Structure formats: C-alpha cells, structure tokens
Amino acid sequence: VAVEGDAGSASTLVGRSPSLLGFTVGVDLQVHLSLNGFSFMDTGFMVRLVASSKLKIGFIYVTSPSDFGWTFQHNVARLYLENRFYGQIQTVYKDYVPEWGPNECVVCAEEPGWNASKKLGMWHDEPADFFGTHASAELMHKWIEEEGIQMVIATSFYYHWDAYHMASRYPSVNFIHVGAWLTRSNMGQVFPKVYQARYLSGIAMAWYIKKLGLPKKVGYVSAFPLGETVRHINAFKLGMEMVDPEIEVYLTWLFTWHDARRERLGAARLLTFYGVEGIAQHTDSREPQVVAQEYGKVGVGYNTDMLLTVGDSVLTSPVIVWGGEYAHFVQKALDGEPMDNTNLWRGAEVGAWRLSDFSSKVPAEAKLMIAAEYEKLLQGHDEIFCKPNMRDNKGRLRNGPTNPAVNPVPWEQDHLVPGTTCLTGGVVNQVCQEYVGFDCVEQWLLEGIHDSCDPSPSKPEGITSPNLTSGECFLGGMEVPDVCPTGEHLTLRGCVP
C-alpha cells in the first residue's frame, strides 16, 4: 500500500506498513494499492492523518512472571501484544497482587455494591466463604486515577468481583477478566477451551499406564473447586477413558494456585499413601512434576512445557496461548468498540491452546490417537462431553434426558445439545450441580474421580491405605497450616512434634 499527500505535500511512502512520520497531522492522504509490488493504482479512498495516544493496558498478576507457569504465560502474551500492536499500546504489570486475606480496599466502600457489615467488608455478590483482600480493586483505582490506564486485564479468578465493580465505577475503561462469568458493556471474560488439551493429555497418561501394565491409578493436585478446575479434571478422566475406562483419579484440593510447599506435599501424599502411577496438576509451580520424578513416576504438567525444566518424566503439558485471546479485546478497544459483555470461549480451531512436546515415554499408540482427536477439534468437532451415560461420583446421570442440576441457572436450563447426549457449552463451562442464586455450591466430578475416602459407586468399600491409620484420609481438601506450630515440623501426615 502507498499513501500520498494532497497537492501541498510531495511525499510518497511505500510499504506493507508505511510510516506516516513525514506527514502533518490533519493532512488528507490518497491510498494506492499494488498487487505486484511495482505498479500502483488509485483506490479512490482518502484517509486523514490524526494523532492518537497509546492505549495504556495494565496486567494484574497473582504471582511473578518468573514462575515459569501461569503468570509466565500471561507475561508472554503481554509481550506478544506489545509486538503485535507496536506503537499503538503501552503495557504495565503488577505482580503478587493477593487474592485472599484481610480487606485492603478503602475506595471499595464508596461503591453501592459494597457491604461493610460482612466480615471486614466485601462485595454483596461475592461467595460467602471468600475472604478477599480486594487489593486488585485498590490497584485498579490507583492505575486509572493516577496513571491513566484505559484497559485492565485481571489474570486470576478471585479478581473477578473487583473487576466487575470497578467496571461499573469506570464505564469509560475496559476490563478483561480470566476464568469467571460476570460481564458488562465495558467488561469481557476469557478462558480458552484448554480442557480439550487436558483431554488429549489424559490419552497420553492412560496409554503409558496401559503399555506398562501399571496399577490403574493417577493422582491429581488442583487448586480450588471451581468450574474451570473441575471441567479440566473431568476432561482428563474422559481422555483416559478413551484408552481404559477403569483408570481412576485420586484428587486433592490445595486451596492455592501457587505454593511449592503445599504442591509438593499434595503430590507426595498421593504417591506414598495411594500408590498412584502418575501426577497431573492444576497448580502453577513445577513441584508436583519434580516430586513425581523423584518417586520414579511420570506426570502431566500445566501452563508451560515442564519437560524442559523437570525432564522426560513429564509426558506433556497443556499450555494456554493467551496472546491471541487478549488481542481480540485489544483490537476492539483500538477500534473504539465496546467489550459488549463478551465471554470469549474458543479452542483448538483458533489455536487458543497447545499441547507441549511429548516425552519419549509417550507410546506411539497415544500419539496416533491424540493426532486423530486433535484433528477433530481443529475442525470444530468437540465431542468430549458427549459420551453416553456419563455419571458423576455420586451416581447421578449427567447427560440423561432430564436436567441433572438442582436449581440450574438460565444457561443450564437446556443442558443437552438437541438430539444428542452432548452437554452444552454452559454446562461444561460451569460444571455445577447446585446453585444458590448464581453461586455454585457443589460442582460435579465424574465417576472414578475420588475427592473423598468415603464409599462411592465405584468404590463402595471406600478408600483406605495400608500406610494410614483408620480414618486418616488425604483426598479432597488439604488442611495444613502455612507454618507449623512451635515445636512441630511438617511431615507427610502434617505437623507433628
């Protein structure tokens, strides 16, 4: 494309992205097009050169870009945006912005959605069990008022309500949040369908176990019981069922996204007490994979290619490609378009995730099956949550003709795609069994996923371990203090004298 000034300007600039520094703001430019790179024809279009300031974008991180995990990938996306929109945007970030703890937000009390009577103050629509710092709201306020930030990208789940209410306070600022559901005209949500990659990684794990004839047990350490985490566990299990439906998952919730101490303890307990043959994770550090390697076992990482920093014991890792997803919203902002309550929910068909390189331990049969399933996903044929007669770990039929949820929210009223056994996108997204209002109070896990030692349809006798005393159970929520009391030290069983 070439641009040429009016009669008062003799300059002509040619190139795929010609610099306009030679022209004066306000000048009218003729646009010429070349199809061969040599001769130009007048398109008949005129453009006017105007000056505009860079779009200032602030990223809120829950950990540091040096975690080589979740925040690392968000920072890769931030740098990608700076390159893709070179000269049009300016980015800043703040790391280690806390989610849990005593309230730190002073400005929140000025908002109509604030309830000062609850705990030390919280938004009226926050979950009753959430004890939040609201430090992200205070940061958003500071950025917007003092630094002129025009777009906020909040990269962790529990920034959700802060972003939602700050979006109300600042309607001219755009907000993007990761992994939840609330939206406004100036606030969008995004979380790629990385459960698709979890499904494929389950195939890799199951083939490894099948080829070696190993016990059919896999451990899984996850952060919080949320729609995001639960659908990933379910997809991982469904991937394994493609190879062997009898492989079971032993699950522990750590109640943290990133805590190497708790991640190590959770993985070690599953390996020591329950004899699992592999470790999958939905946490940020590589520690679960390090522990699996130390025990002579394998694992599936998350967020980044953990094979590179741990070794061949990491079969593969699902990795979200945030750059393209964020670019969708940045382009809208640059074009002056509203966020328009967008909930961006895309998958393999646009490259919203990738599966990292395979370990040499991944069998050829797994690679062939994964390639075939991946090709379906590329074509938009996602049938992961279509398996007939899926039951949860409490024996309830998930995709029968009647809605399995108790008090479903509007997007789950019709839980099946008409004429199929496929769960709808809304059901897959939230994976909820029971709501109070719009808050999920019970997510559902598939049969064969054990988050308790209690009897279940697949384990009517319950789950015990020869290395544990009667009543001891390390499945489900982890209860361990951040620091052991004076005179005690941390062991696999917890703090002991």
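**Figure 1. Salt bridge between K142 and E146 in helix α2 of the predicted model.** The side chains of K142 and E146 form a salt bridge with an N to O distance of 3.9 Å. Both residues belong to helix α2 (residues 135-147), where they lie four residues apart and are therefore separated by about one helical turn. In an α-helix, with 3.6 residues a turn, residues three or four places apart point the same way. K142 is partly exposed, at 37% relative accessibility, and E146 is exposed, with a relative accessible area of 60%.

**Figure 2. Salt bridge between K376 and E373 in helix α10.** The side chains of K376 and E373 meet with 3.1 Å from N to O. The two residues are three apart in helix α10 (residues 364-378), which means that about one helical turn separates them. E373 is buried, with a relative accessible area of 11%, whereas K376 is partly exposed at 40% relative accessibility.

**Figure 3. Salt bridge between R493 and E472.** The closest N and O atoms of R493 and E472 are 3.2 Å apart. This pair links distant parts of the chain, 21 residues apart. R493 sits in the loop between β24 (489-491) and β25 (494-496), and E472 in the loop between β22 (449-450) and β23 (476-477). Both partners count as partly exposed, R493 at 40% relative accessibility and E472 with a relative accessible area of 23%.

**Figure 4. Salt-bridge network of D392, K394, R396, R398 and E442.** The structure as a whole holds 22 salt bridges.

**Figure 5. Helix α1 and the elements that cover its buried residues.** Helix α1 runs over residues 70-84, 15 residues in all. From its first C-alpha to its last, α1 reaches 21 Å, close to the 21 Å expected at 1.5 Å a residue. The buried residues of α1 are W70, T71, Q73, H74, N75, A77, R78 and L81. The cover over these buried residues includes strands β5 (55-60), β6 (89-94), β10 (174-178) and β17 (318-320), together with helix α9 (322-334).

**Figure 6. The largest cavity and its lining.** The model contains four cavities of 30 Å³ or more, and the largest has a volume of about 90 Å³. Its lining comprises 13 residues, with W70, S156, F157, E228 and W257 nearest the centre of the cavity. By residue class, the lining of the largest cavity divides into seven nonpolar, four polar and two charged residues. W70, one of the residues nearest the cavity centre, is also among the buried residues of helix α1.

Key. Residues numbered from 1 in each chain as written. Predicted model: local features only at pLDDT ≥ 70, side-chain atom pairs only at ≥ 80, totals over all residues. Heavy atoms only, no water. 1 Å grid on protein atoms, 1.4 Å probe; cavity = no way out; pocket = protein on both sides within 12 Å on 5 of 7 lines; lining within 4 Å. Points joined across faces, edges and corners; volume = space filled by probe spheres on them. Nonpolar A, V, L, I, M, F, W, Y, C, P; charged D, E, K, R; others polar. Expected span 1.5 Å × (residues − 1). Buried < 20%, exposed > 50% of the residue type's maximum accessible area, 1.4 Å probe, protein only. Contact = heavy atoms within 4.5 Å. Salt bridge = Lys/Arg side-chain N within 4 Å of Asp/Glu carboxyl O.
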